[in-house]
Amino acid sequence: MPHTTAAASGSRPGRTGTRGTTALLGSPLERREGRDKVTGAARYAAEHHPPARAYAWPVPAAVSRGRVLAVDDRAALDQPGVLAVLTPATAPRLGDAGDPTLSVLQDERVPHYGWYVALVVAETLEAARAGAAAVHVDYDTEPHDVTLTVDHPDGYLPETANGGHPGLRERGEPDAAFAAAPVRLDAAYRVPPEHNHPMEPHAATAEWHGDRLTVHDSSQGSTAVATALAALFELPEDHVTAVSEHVGGGFGSKGTPRPHVVLAAMAARHVGRPVTLALPRRQMPAVVGHRAETLHRVRLGADDGGRLTSVIHEITTYTSRVKEFVEQAAVPARVMYASGHSRTEHRAVPLDVPTPSWMRAPGEAPGMFALETAMDELAGTLDMDPVELRVRNEPDREPDTGRPFSSRNLVACLREGAERFGWAGRPARPGHDRRGADLVGTGVAASLYPVYQMPSRAGAHAHPDGTYTVRTNAADIGTGARTVLSQVAADALGVPLAAVRMEIGSSALPAASVAGGSSGTSSWGAAVHAACTALVARLKEHTGPLPAEGIGAEADTAETVGREADWARDAFGAHFAEVHVDTDSGEVRVRRQLGVFAAGHILNPRTARSQFIGAMTMGLGMALMEGSTMEPVFGDFTEKDLAAYHLPVHADVTDIEAHWIDEDDEHLNPMGSKGIGEIGIVGAAAAIGNAVHHATGVRFRELPLTPDRILNGLARHAGVPA
Ligand code: MOS
């Protein structure tokens, strides 16, 4: 990235000194493990090599529905170095971990393409891979259905979507209000399946000592991994240790235990040796979750002044036949804008597809592409500036519940973003800024992400030498969590950062919640703060030198989490983008991306900026490149590796800025922070799509905006047969 800038905006006073005794909270500290990572000293899950380690390679199903009739492993076992082949007939029986995607090799059923049907264990990675290629599987195949349609006969209304969001919410009489509205927008949008594809593939190294199991797993939450393995292998929980010291990204796909860690543990037990299993990238789309396709219909009714009278957002998505997961893409419309009447509804269609799951801002990312594109379309119909349309519909309470917002600075983000971006004077009419073969345009979209907090535990210990150890099973998936938690601890203890040793990333530490839902800092930080505060109190009571073993304190936030339910708590933001659309090639270049976010108190500007611009870049990928095709004949994704599934690279990011408005919100946690991991992607694709419309005068309602779609759209617009 040739030019990037970031700054903490000075438009509101910061919180310096209001909570802590030091200026640590809010300092742009470097990652504490940065040196280990750049020198290669940091070990990832597949890089632990206990003596006599063997390797495993799974065999994915080559049909998308049916049964395994027979697995012929003779040719595989004849390969040099192959130690064993596990099949549904020979693999050990597992207990129930409450997650059917983990019940690997337990029966002959094939519920989707890529479901595992065998596992080869060998002396080397190469031998395991060759062995897997030599396994011959016979199937009894059945007709499959992998195609999502809005009117699919199996569609149903789920009670809840993605854990706890009501499948349907209705307020007032949205259909009648829409019909009566003088200004109406009724449009359909589509977001294709998308894959998380973290840089580090899912990997685990498993080792048994008698009936004790240790795994190094690439996970966003190793407490849950240990719990699941204990259930599956029917062990006491304290016999399983799951370690996730360093994690090379996850974006939600490592937020729950995945089959690779189960297979690694199974293989290690079977051959009596440590086993490493690192998923080949091409297998990941079928077994680590993905963002399901969403089909949207958005209806907005407004009065002549642009005030929304009715907001109807209906989405249709698929789930697998293994486990229900419903992308809650209609949920953001419950929070964003004031309107007299509203319906937000999900329909789920069970198909013979891999089980979808969390991918960065599940629900919000696709939902806000649709809603924020619709708002742009409505602004055009009203001949109103899209920033002003949003400001005009700012609610004073959460529309669906009437709860007050603990803080809501969407308007401030829009205003500050417009100022910094140079929005004033933007040509109102689209399609009129031509520079050679390029059409140039700008766009805006709003962003939001809810504040989640989950129960966690932490321990803090004062040593006689004046240093401290603080422990909680947080996961640092590249976010800077280890560093920020050290800041929280040092701040609460009132000591320099160097005096604090932060231990995270092992289920042997006090149990903590997943690095998901942008909740990590809030959840773990609250526990760390409580443990450190308790330790300070104990130290105050203590007189004389510390005992040889020091003094410790522990905390568990289970009872305090959820107390603020009377408040609607969300982070908000605004995205601005400038695009150049090449009318010859159809390529879209994002020349500028600027985001302003209001996410509570920003605890570390350096790592926060990295979170924001990383997610904005992922939003650029969502807008222009990312998308996967569920091929109907074979029933498999066609874009399974990074040669086919395109992601943005440095050359795609010309100029990216993240700014923030520091909020002073008493209803969050002791640090005053909201989550920042996901809000940067929410709305980013809509801002870019809206800029493409402004550049070309053509509205694209289906992602990604690939050159073929752009050229076809331009041709249609010009009346030329495409
Ligand atoms: Mo994030 S998709 O909640 O890991």
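I began with the largest cavity, which holds about 100 Å³ of space. The model I searched is a predicted one. My search of the whole structure gave 4 cavities of 30 Å³ or more. For the largest cavity I listed the lining as T101, V104, H112, W115, Y116, R258, P259, A286, V287, V288, G289 and T355. I sorted that lining into 7 nonpolar, 4 polar and 1 charged residues.

I turned to the second largest pocket and read off about 500 Å³ of space. I found 27 residues lining this pocket, and those closest to its centre are L624, M625, P704, T706 and R709. I then checked which elements give two or more residues to the lining, and they are β26 (588-598), α13 (605-624) and α15 (707-717). By class, the lining of the second largest pocket has 14 nonpolar, 5 polar and 8 charged residues.

I located S339 in the loop between β17 (308-319) and β18 (341-350). Is S339 buried or exposed? I take S339 as buried because its relative accessible area is 13%, and the cut-off for buried is under 20%. Leaving aside neighbours within four places in sequence, I noted contacts of S339 with R171, L308, T309, S310 and V311. For S339 and R171, which are 168 residues apart along the chain, I got a C-alpha separation of 9.5 Å. I also noted that the S339 side chain reaches the backbone oxygen of H341 at 3.2 Å.

Definitions and conventions: Residues are numbered from 1 along each chain as its sequence is written. This is a predicted model: local features need pLDDT of at least 70, side-chain atom pairs count only at pLDDT 80 or more; totals for chains, interfaces and linings use all residues. Side-chain values use heavy atoms; hydrogens and water are left out. On a 1 Å grid over the protein atoms alone, a cavity is a set of points where a 1.4 Å probe fits but cannot get out, and a pocket is an open set with protein on both sides within 12 Å along at least five of seven lines; lining residues have an atom within 4 Å of a point. Grid points are joined across faces, edges and corners, and a volume is the space filled by probe spheres set on the points. Ala, Val, Leu, Ile, Met, Phe, Trp, Tyr, Cys and Pro count as nonpolar, Asp, Glu, Lys and Arg as charged, and the others, Gly among them, as polar. Helices (H or I, at least four residues) and strands (E, at least two) are DSSP runs, numbered from the N terminus. Buried means under 20% relative accessible area, exposed over 50%, partly exposed in between (1.4 Å probe, protein chains only). Contact means heavy atoms within 4.5 Å. A polar contact is a pair of N or O atoms within 3.5 Å; within protein, one must be able to donate a hydrogen and the other to accept it, and residues adjacent in sequence count only if both atoms are side-chain atoms.
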